[in-house]
Amino acid sequence: MALLRSILSVISTDARGCLLDFIEFLDYGFIQRALIAGSLISVLCAVLGVILVLRRLSMIGDGLSHVTFGAVALAMALNFYPLAVSLPIVVVSSFAILKIMEKARVFGDAAIAVVSSIGIAVGILLASIAGGFNVDLFSYLFGNILSISTLEVAAAVVISLSVLAAIYFFFDEIFSITFDEDFARASGIPVNRINAVLMVLTAVTVVLTMKVVGIMLTSALLVLPAVTAFQNARGFRNAIIIASISSLLSLVAGVFISFALNLPAGATIVMVNVFLLCGSFLFRYFFNTHAAE
Amino acid sequence: MPISIVEARDLSVEFDRRQVLSGVNFSIRQGDYIGLVGPNGSGKSTLIKCMLGLIKSSQGNISLFDAAPPAMKYRERIGYLPQRMEFFNPRFPTTVTEVISQGMIANRRSGNKSDGEEIEKVIELFDLKGLRNRLIGELSGGQQQRVFIARALVNAPDFLILDEPTSALDPEVRESFFELLHELNEKKDVTIILVTHDIGGVGQYASKLMYLDKKVIFFGGFDEFCESENMAKFFGTASQHIICHKH
């Protein structure tokens, strides 16, 4: 803050006014909580998103968020804390997707569709039994990052940092499995175990993300930064870095714009992501960063 | 007595009640250079995946470096080139150097440090210097295949398993690749299994022939194959001559 205020003394009046607004904006406790938790979750989504999209599991975020909807409806019907009920149910569902892919001999998209439809059907049934869609259930459907609690911030920090650390330490293994699973197995990498861990990480991330952008837009936070990165990335590591920066920028800009213009935060964050994707696509189109295409 | 690399005893593999391999027996010794041939669907790729522990056998057993899957050891001693079309996603954002460095993973996992020197050596060897920072999808089919061969060779393996390695290579690169394999086999005693459809040309490179058609029809030296009356009956004299004339 002190640094920002000292910068203000040497810049023009208009820019100063804008920056003053931004500093005031940062003074709010709910904004600080939103930015801390949201930034970590957005980077986590970007990193996992790159891996999932390359493994042709782009829709897993969508599928698991539908399960989250069912789980939240169940928690509300039973009067439990939604995050505590959602987490185990979504983790089990992610394993179900993995098992359906293995045992029923179907591709990931079909396995995700099976689990997703069960989740949404159970959610609708429970909501209907509990007397229809109430305000609380709607708040989970559309998310509200500005209402994030201190406890949720703590959970987001601990979980995000643990997941990012796990990905950092097993980066080579995850890259190898993502690029060529058979080669990874032949190299002695425990592919099944790492796949299972990745599924759990994805499930945890989806549950965390529901508070940021809501159940309806969770998959956007996983897929959009990855697709943005793929337009111009020059390598796997490079793709992860670009996706993380893009996701983080969208989150901060989205929170700021939504607060300034009184717009829903989740949808604004997603639209900033879409804007960056378009920019990245146009950059590739005009500067031809992928020479062979 | 050469060291045993692979031992298969009564090995059978079944997919959906369809027999892919049946009662396969063989033994591969250190320094063997085997041309593995057979018609489409004869089980060649299945056999090498069994060796690597990627596919479970339904009967019998197979061991690699004296250990059966899944407890296989000495992964860092193996170089593996899978069939390209099986795994390859040309839109994957990865550079040539990143792909080659995957070949060092088994080494790293077994605690051996790598300082990138090995990667530099294969980049030079396969003339990939100018392509090292290019995305794999930006390369031609032949260049991509050179990258995957470099990945298989980067950890200086004792045992090389190559599934149709020359399918996309132009004749000049193909020849120098076979010369390299010959040198590795002769000078460094590297054991090689080369899966190929080029039944007429395999005798030029390999020292032993394994003909597979769900079971092992023939396994032995080329001289033995060329003199075998049984093989003349099985293949017909004309086909036997095609296999033998380049040897």
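In this predicted model, 22 residues of chain A are in contact with 22 residues of chain B, where contact means that C-beta atoms placed from the backbone lie within 7 Å. Local features here need pLDDT of at least 70 and side-chain atom pairs pLDDT 80 or more, while totals for chains, interfaces and linings use all residues. Residues are numbered from 1 along each chain as its sequence is written, and chains are lettered from A in the order in which they are written.

**The chain A side of the interface**
- Helices α9 (171–179), α10 (181–186) and α13 (236–261) of chain A each supply at least two residues of the side that touches chain B; helices are DSSP runs of H or I with at least four residues, strands are E runs of at least two, and both are numbered from the N terminus.
- The largest share of that side, 5 residues, comes from α10(A).

**Strand β7 of chain B and its cover**

**Neighbours of β7(B)**
- Strand β3(B), residues 33–37, pairs with β7(B) in the parallel sense over 4 bridges, pairing being at least two DSSP bridges between two strands.
- B:L36 has B:V195 as its bridge partner in β7(B).
- Strand β6(B), residues 159–163, also pairs with β7(B) in the parallel sense, over 5 bridges, and the partner of B:F159 there is B:T191.

Key: Two residues are in contact if their C-beta atoms, placed from the backbone, lie within 7 Å.
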